[in-house]
Amino acid sequence: MNDPKHGMTLIVKTVTRITVWLIILYGIYLILHGHLTPGGGFGGGVIIALAFLNVLLAYGRSFTKNWLNLKFMEDIEAASATLFLFMGILGIALGGRFLTNFLGPGKPFTLFSAGHIPILNILIGVKVGMCLFLVVWVLAALRTGEGGEE
Amino acid sequence: MILYILCFTLFLVGVYGLLTKRDLIKLILSLAIMGYAVNLFLVLFGYRSGAAYPIVTEGAAPGPMVDPLPQALVLTSIVIELGTTALLVALAIRLVEKYKTFDIHKIRRLFG
Amino acid sequence: MPVETWLYFILGFMIVGSVIALEIRDILSSVVAIGVVGLGVSVAFLFLQAPDLAIVQFLFEIFAMVILIRAFVKKDYHMETPARVHGILVGVSILTLVAVLVASIPVFRLLPAFGEPLMETSRHYVDHGLSDTGAANLVSAVILDYRAYDTLGEVTVLFTAVLGTMTILRIRRAKNGGGKDA
């Protein structure tokens with residue numbers, strides 16, 4: 001894990017190990033409170049992608065490959081797009097129109113309010129985060145894989 | 001009105017880069033500048049002087065707010081720009097790998 | 001100071017920054033200058049009362065800079081090839097663009113003045129957004145409730161862009177016979 005051959009110095013690795021969870025937590029906070037405060041699925045998703053990118057830059061490729069299940073990430077990325085569509089179809093079934101807010105507004109200014117907006121925010125956050133991280137992953141793989149892998 | 005003209009000038013700086021530069025990275029950056037100008041223009045268009053951000057605060061009387069519609073459209077546009085920038089970077093990497101040059105005039109010459 | 005004065009400063013700064021980014025020969029400095037322009041956009045969004053956009057633009061900037069630097073400024077770091085022939089072409093294009101700018105001024109006169117938007121559709125969103133959707137953040141209410149279909153299209157576009165990126169970059173892998181899939 002603290003292999004000096006890959007990634008950056010020990011200081012960077014230690015700081016990353018402490019801060020990466022805080023960054024991910026902040027991203028989750030932004031996503032969940034998207035209907036109450038500035039932020040939302042787009043901003044939170046990009047923050048989560050940046051947290052994974054931080055690990056990738058600090059620890060190098062081989063560690064990140066073991067730490068994250070990339071196949072699973074691709075799967076949930078595609079699944080979140082499909083679930084978005086599924087929410088729309090559920091809107092037809094329960095509310096009559098595509099993407100109807102079938103859960104109702106609820107009590108404003110609380111976390112569980114605004115019907116399907118928090119759910120769609122979560123889906124978009126997962127989608128954007130995984131998408132952008134996978135793009136950077138492929139780009140990084142290309143550059144380092146120029147002469148011999150890793 | 002002067003703000004609109006300045007914003008359009010920024011857009012034209014991007015077009016200038018697209019017309020005259022020959023480096024692949026400079027072309028990607030020109031497209032990014034044009035994207036900034038368009039996003040900023042849309043948001044400038046929805047600003048209402050003296051109004052607050054479009055978030056209702058609990059308990060406070062709702063005052064005038066800026067137009068939320070351009071902000072919502074620009075929000076999606078920024079993220080799409082990120083995706084297309086990644087796509088352009090990928091295309092540029094492939095071109096550089098194939099032709100070993102960043103100069104688009106040389107790349108064009110290879111086709112005769 | 002009124003908002004307009006700040007925006008004059010920021011926009012002038014951004015124009016200067018983008019001209020520097022296009023004209024400087026060092027690619028790393030160019031990418032950094034674009035980053036500065038993007039942060040200027042982010043500050044401008046804050047002045048225009050759009051905190052959502054400021055957050056997303058800030059993150060966009062960081063992400064784009066990481067992608068560009070990671071992709072290009074590593075092994076084959078290069079200076080831009082100096083332009084040799086097309087001095088006249090540069091002059092002609094600058095003249096054309098200035099002509100376009102001058103010709104477009106009457107169009108900007110027709111637009112509503114800065115600070116007084118039309119707000120025909122948005123009036124409904126602002127007045128009834130909270131009671132219709134229950135979301136305090138009206139931007140969120142617009143993108144995920146009133147115009148959720150747009151967002152579905154956006155997700156599709158993003159998905160397609162990422163698929164395109166992965167396809168383009170994986171062709172080479174398959175050709176080289178590198179068995180490792182990323």
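Trainee: How many residue pairs are in polar contact between chain B and chain C?
Mentor: Keep in mind that this is a predicted model. For this count, both residues of a pair need a pLDDT of 80 or more. Between chain B and chain C, the residue pairs in polar contact come to 11.

Trainee: Which helices of chain B each supply at least two residues of the side that touches chain C?
Mentor: Let's go along chain B. One of the helices is α1, residues 2-20. Two further names belong with α1 on the side of chain B that touches chain C: α2 (24-45) and α3 (68-99).

Trainee: And where does the largest share of that side of chain B come from?
Mentor: Look at the residues of chain B that touch chain C. The largest share is 25 residues, and the helix that provides them is α3(B).

Trainee: How much area do chain B and chain C bury between them?
Mentor: The contact takes 73 residues from chain B and 88 residues from chain C. Carbon and sulfur atoms account for 78% of the buried area. The area that chain B and chain C bury between them is about 7800 Å².

Trainee: What about chain B and chain A: how much area do they bury between them?
Mentor: Here, 13 residues of chain B are in contact with 12 residues of chain A. There are 0 salt bridges between these chains, and 0 residue pairs in polar contact with both at pLDDT 80 or more. Of the buried area, 82% is on carbon and sulfur atoms, and the area itself is about 1000 Å².

Trainee: Which residue of chain C meets Lys21(B) in a salt bridge?
Mentor: Side chains of opposite charge can pair when their charged atoms come close. The count between chain B and chain C is 1 salt bridge. In that pair, N to O is 3.4 Å, and the partner of Lys21(B) is Glu23(C).

Trainee: Is Lys21(B) buried or exposed?
Mentor: The cut-off for buried is under 20% relative accessible area. Lys21(B) has 11% relative accessibility, so Lys21(B) counts as buried. For Lys21(B), then, the word is buried.

Trainee: Over all chains, how many salt bridges are there?
Mentor: Among them is the pair of Glu77(A) and Lys127(A), with the closest N and O atoms 3.1 Å apart. Arg147(C) and Asp150(C) also form a salt bridge, at 4.0 Å. Over all chains, the count of salt bridges comes to 3.

Trainee: How many residues apart in sequence are the parts that Glu77(A) and Lys127(A) tie together?
Mentor: Glu77(A) is buried, with a relative accessible area of 5%, and Lys127(A) is buried too, at 2%. Glu77(A) lies in helix α4 (residues 70-95) of chain A and Lys127(A) in helix α5 (residues 117-144) of chain A, so the parts they tie together are apart in sequence by 50 residues.

Trainee: Which residues make the nonpolar surface patch of about 470 Å²?
Mentor: Start with Ile28(A), which sits in helix α1 (residues 10-32) of chain A. At 39% relative accessibility, Ile28(A) counts as partly exposed. The patch is made by Ile28(A), Leu32(A), Leu111(A), Phe112(A) and Ile122(A).

How values were computed
Residues numbered from 1 in each chain as written. Chains lettered and ligands numbered in written order. Predicted model: local features only at pLDDT ≥ 70, side-chain atom pairs only at ≥ 80, totals over all residues. Heavy atoms only, no water. Patch = residues over 30% accessible without salt bridge, like charges linked within 9 Å, V, L, I, M, F, W, Y side chains within 5 Å. Areas by Shrake-Rupley, 256 points an atom, 1.4 Å probe, with all protein chains shown as cover. Salt bridge = Lys/Arg side-chain N within 4 Å of Asp/Glu carboxyl O. Helix = DSSP H or I, 4+ residues; strand = E, 2+ residues; numbered from the N terminus. Buried < 20%, exposed > 50% of the residue type's maximum accessible area, 1.4 Å probe, protein only. Contact = heavy atoms within 4.5 Å. Buried area = accessible area lost by both parts, 1.4 Å probe. Polar contact = N/O pair within 3.5 Å; in protein donor to acceptor, adjacent residues only side chain to side chain.
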